[in-house]
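Dear colleague,

I am handing over a structure for you to look at, and I would be glad if you opened it before reading my notes below.

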Amino acid sequence: MNKQSVNWVAVADEGDLPEGRVKTITAGTKTLCLSHFDGQWAAMDNRCPHQGGPLGEGSIEAGVNGKC
């Protein structure tokens, strides 16, 4: 079995990002969008796949059935 090393990088404290918000963070050399929505946290590529802009400078909008 192939063992892969994982290096965790602290990018924010829990109180840094209010519920329903996003922000741009840097982990090592990678720029990511950190989101806090519906009690869940996520980190994703900061580039919007639709328009190419930075996701961390946008907002979370409810979509179909009120889901993000």
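What follows is a short account of the pockets and of a charged pair.

Please keep in mind throughout that this is a predicted model.

If you sort the lining of the largest pocket by class, you will find 11 nonpolar, 7 polar and 1 charged residues.

The second largest pocket has a volume of about 180 Å³, and its lining is made up of V6, N7, W8, V9, V11, I25, A27, L32 and A43. By class, that lining comprises 8 nonpolar residues and 1 polar residue, with no charged residues.

I then turned to the salt bridges, of which the structure holds 1. The partners are K30 and D45, whose closest N and O atoms are 3.8 Å apart. Because K30 belongs to strand β2 and D45 to strand β3, the pair ties together parts that are 15 residues apart in sequence. Are these two residues buried, partly exposed or exposed? K30 has a relative accessibility of 42% and therefore counts as partly exposed, while D45, with a relative accessible area of 41%, is partly exposed as well.

With best wishes

Key
Residues are numbered from 1 along each chain as its sequence is written. This is a predicted model: local features need pLDDT of at least 70, side-chain atom pairs count only at pLDDT 80 or more; totals for chains, interfaces and linings use all residues. Side-chain values use heavy atoms; hydrogens and water are left out. Ala, Val, Leu, Ile, Met, Phe, Trp, Tyr, Cys and Pro count as nonpolar, Asp, Glu, Lys and Arg as charged, and the others, Gly among them, as polar. On a 1 Å grid over the protein atoms alone, a cavity is a set of points where a 1.4 Å probe fits but cannot get out, and a pocket is an open set with protein on both sides within 12 Å along at least five of seven lines; lining residues have an atom within 4 Å of a point. Grid points are joined across faces, edges and corners, and a volume is the space filled by probe spheres set on the points. A salt bridge is a side-chain nitrogen of Lys or Arg within 4 Å of a carboxyl oxygen of Asp or Glu. Helices (H or I, at least four residues) and strands (E, at least two) are DSSP runs, numbered from the N terminus. Buried means under 20% relative accessible area, exposed over 50%, partly exposed in between (1.4 Å probe, protein chains only).
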